[in-house]
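Good morning. I have one structure to go through today, and I will keep to a handful of residues. Please look at the screen.

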Amino acid sequence: MGIFSRTRDIIAANFTELLDQADDPVKMIRMIILEMEETLVEVRASAARTIADQKEMHRHMVKLDQLQADWAEKAQLALSKDREDLARAALMEKKKAGDMSGQLRSEITVLDDALRAYEEDIAKLQTRLREARSRQTQIAARLESAENRVKLRSLMTNERVDDALARFDQLERRVDYAEGRADSLSIAGGRGKTSLSDEIAALEDSDKVDAELEEMKRALGKGNAAQKGE
């Protein structure tokens with residue numbers, strides 16, 4: 001396939017359709033980028049050869065133009081010496097040089113058109129290459145996200161995770177029990193040591209009980225005295 005045909009096919013390629021039809025979009029986009037990079041290198045190399053050919057043709061044209069001038073001078077010299085035959089021969093050589101120069105000009109014009117086409121193709125290929133690389137980044141990011149979601153879902157449905165969480169629950173219960181024991185010992189220790197407020201409150205309670213007891217005694221004494229009178 002010629003370089004121009006390959007370039008046109010790549011430029012006209014529908015990346016989205018190619019990726020939709022591919023079994024492995026990541027692999028496909030890598031292949032597309034590789035193909036474009038190789039084609040871009042080839043187009044640039046062809047453009048470089050074309051520029052080199054143009055420069056060589058320009059040098060030949062300069063030489064041919066100088067050769068035409070030389071033959072013209074020789075024709076004039078021969079004619080001045082009444083050597084019309086030599087003058088005619090010199091003019092024939094001048095014409096040959098002129099024809100070659102004209103042919104080179106035509107070829108240089110063709111190469112100019114080819115160079116313009118190369119420049120357009122290179123610009124388009126670079127644009128498509130940037131697009132393909134952007135798509136590659138997007139596809140890679142989407143693929144990584146999808147793989148991470150799959151790993152996460154697999155992890156969440158894994159029995160080992162459930163077992164680990166159950167062991168965590170057991171550890172938490174053991175910690176709760178240990179903390180409960182510590183709290184109970186603290187409570188027991190607090191009961192063994194009576195505070196000043198507690199002692200005063202106990203005295204007040206004792207006074208109340210004594211007062212109530214005396215009241216009950218007096219009530220009973222009155223009751224006994226009434227029975228004796230009868």
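Is Arg105 buried, partly exposed or exposed? Arg105 is partly exposed, because its relative accessible area is 42%, and the cut-offs are under 20% for buried and over 50% for exposed. Before I go on, please note that this is a predicted model.

Arg105 has a partner. Its side chain meets that of Asp65 in a salt bridge, at 3.8 Å from N to O. Asp65 sits in helix H3 and Arg105 in helix H4, so the pair links distant parts of the chain, 40 residues apart. Asp65 is also partly exposed, with 32% relative accessible area.

How many salt bridges does a search of the whole structure find? The search finds eight. I will show two others.

One of them is between Glu37 and Arg133, where the closest N and O atoms are 2.8 Å apart. Arg133, at 38%, counts as partly exposed.

The other is between Glu84 and Arg88, with an N to O distance of 3.9 Å. That value passes because the cut-off for a salt bridge is 4 Å. Where do these two residues lie? They are in helix H4, and because they are four residues apart, about one helical turn separates them. Glu84 counts as exposed, because its relative accessibility is 52% and the line for exposed is drawn at over 50%. Arg88 counts as exposed too, at 56%.

Now a residue from a separate topic, Gln68. Gln68 lies in helix H3, which runs over residues 25–80. Why does Gln68 count as buried? Its relative accessible area is 17%, and buried means under 20%. What is Gln68 in contact with, leaving aside its neighbours within four places in sequence? The contacts are Lys94, Ala97, Gly98 and Ser101.

Glu84 and Arg88 are both in helix H4. That is the end of my part.

Technical notes
Residues numbered from 1 in each chain as written. Predicted model: local features only at pLDDT ≥ 70, side-chain atom pairs only at ≥ 80, totals over all residues. Heavy atoms only, no water. Buried < 20%, exposed > 50% of the residue type's maximum accessible area, 1.4 Å probe, protein only. Contact = heavy atoms within 4.5 Å.
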